[in-house]
Structures are given as structure tokens and as C-alpha cells.
Amino acid sequence: MIHVEGVKDDMIANNLTPFYSTHPGEVIKDELEARNISQRAFAQSVGMSYSVLNEILNAHRALTTTTALLFEAALDVPADVLMRLQTKYNLQTARKNKETISWMENIRRAAAVL
């Protein structure tokens, strides 16, 4: 978190949390549409089943390092960028999970008494 004297932390752009997180599948889906490549043709070209690709593109399956590298090879979209998106997506999703929130609150309370 960035702190600037005299400015509220939540008013600094780098500290803002997006309304919704972007799954890397959305980026790949946009790339395929922009290049006019069908999902079926792309899945076949990278040796992936259509159903697995479709689950990734619709944010129902996480991107792995292997799939990120496949997408990088096929589309020239850097794998590290896709993996950072996946990590941010995972973190933001976890931060909205009620069980995780409760668990974190309990840990913070316990840590405060140490």
C-alpha cells in the first residue's frame, strides 16, 4: 500500500481494488476474438481439449504455468503477465470469501495479543 501524507490511502489509484478481478482467460478470449480465431481451432492448435480451453476462457478453471506458456507460444502474450493476472484474480477472489475473511479476522485478533 502506498502512503502519501495528507491524502487518504483509498484515494491513491495504486491502492484501489478493482470492482471485479480480471481472469487471464478473459484476456485470451479477447485475443482470440480480435484475431478471428475460433476457440475450437485454437484448442486443437495448442493440443488442448475444447472444454478445458472454454473453462479457462470463461473463468471456470485457473490458468496453470503450462497453459500460460502454451498461450505465450501461440499468441505471443507473455506468460508472466497471464500468471500475474491469475494470482491477482485468486487473491481478490479469496479476499471476498466469507470463510477466509472470518479466518483472517481471527488471526489478526490473535496476533494483536502477542
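**Figure 1. Glutamate 55 and arginine 61 form a salt bridge.** In this predicted model, the closest N and O atoms of the pair are 2.8 Å apart. Glutamate 55 counts as partly exposed, at 29% relative accessibility. Arginine 61 is partly exposed too, with a relative accessible area of 37%. Side chains of opposite charge can pair when their charged atoms come close. The structure holds three salt bridges. The next two views show the others.

**Figure 2. Glutamate 31 pairs with arginine 35 in a salt bridge.** Here the closest N and O atoms lie 2.8 Å apart. Glutamate 31 has a relative accessible area of 24% and is therefore partly exposed. Arginine 35, at 39% relative accessibility, also counts as partly exposed.

**Figure 3. A salt bridge joins the side chains of aspartate 80 and arginine 84.** The N to O distance is 3.2 Å. Both residues belong to helix α5, and they are separated by about one helical turn because they are four residues apart. An α-helix has 3.6 residues a turn, so residues three or four places apart point the same way. Aspartate 80 counts as partly exposed at 42% relative accessibility. For arginine 84 the value is 47%, which again counts as partly exposed.

**Figure 4. Helix α2 has a buried side and an exposed side.** The helix spans residues 39-46. Gln39, Phe42, Ala43 and Val46 are its buried residues. They sit on the same side of α2 because they cover an arc of only 100 degrees around the axis. On the other side, Arg40, Gln44 and Ser45 are exposed. The buried residues pack against three helices: α1 (24-34), α3 (50-57) and α4 (65-75). Just after α2 comes glycine 47, with a positive phi of about 75 degrees.

**Figure 5. Glutamine 39 is a buried residue of helix α2.** Its relative accessibility is 18%, so glutamine 39 counts as buried.

**Figure 6. The largest nonpolar core has 16 residues.** Those with the most contacts inside this core are Ile28, Phe42, Leu53, Phe71 and Leu82. Helices α1, α2, α3, α4 and α5 (79-96) each supply at least two of the core residues. In soluble globular proteins, nonpolar side chains tend to be buried together.

**Figure 7. Phenylalanine 71 and its contacts.** Neighbours within four places in sequence are left aside. Phenylalanine 71 is in contact with Ile28, Phe42, Met48, Leu53, Ile56, Leu63, Asp76, Val77 and Leu82. Of the 114 residues of the whole protein, 24% count as buried. Among contacts in the protein with a separation of 6 or more, 47% come from residues 24 or more positions apart.

**Figure 8. Helices α3 and α6 mark the two ends of the confidence range among the elements.** The protein has six helices and zero strands. Helix α3 has the highest mean pLDDT, 98. Helix α6 (residues 98-112) has the lowest, 87. Across the protein the mean pLDDT is 89, and 89% of the residues reach 70 or more. Where pLDDT is low, the predicted coordinates should not be read in detail.

Methods:
Residues are numbered from 1 along each chain as its sequence is written. This is a predicted model: local features need pLDDT of at least 70, side-chain atom pairs count only at pLDDT 80 or more; totals for chains, interfaces and linings use all residues. Side-chain values use heavy atoms; hydrogens and water are left out. Buried means under 20% relative accessible area, exposed over 50%, partly exposed in between (1.4 Å probe, protein chains only). The arc is that of the directions from the helix axis to the C-beta atoms. Contact means heavy atoms within 4.5 Å. A nonpolar core is a set of buried Ala, Val, Leu, Ile, Met, Phe, Trp, Tyr and Cys residues joined through side-chain atoms within 4.5 Å. pLDDT is the predictor's confidence in each residue, from 0 to 100. A salt bridge is a side-chain nitrogen of Lys or Arg within 4 Å of a carboxyl oxygen of Asp or Glu.
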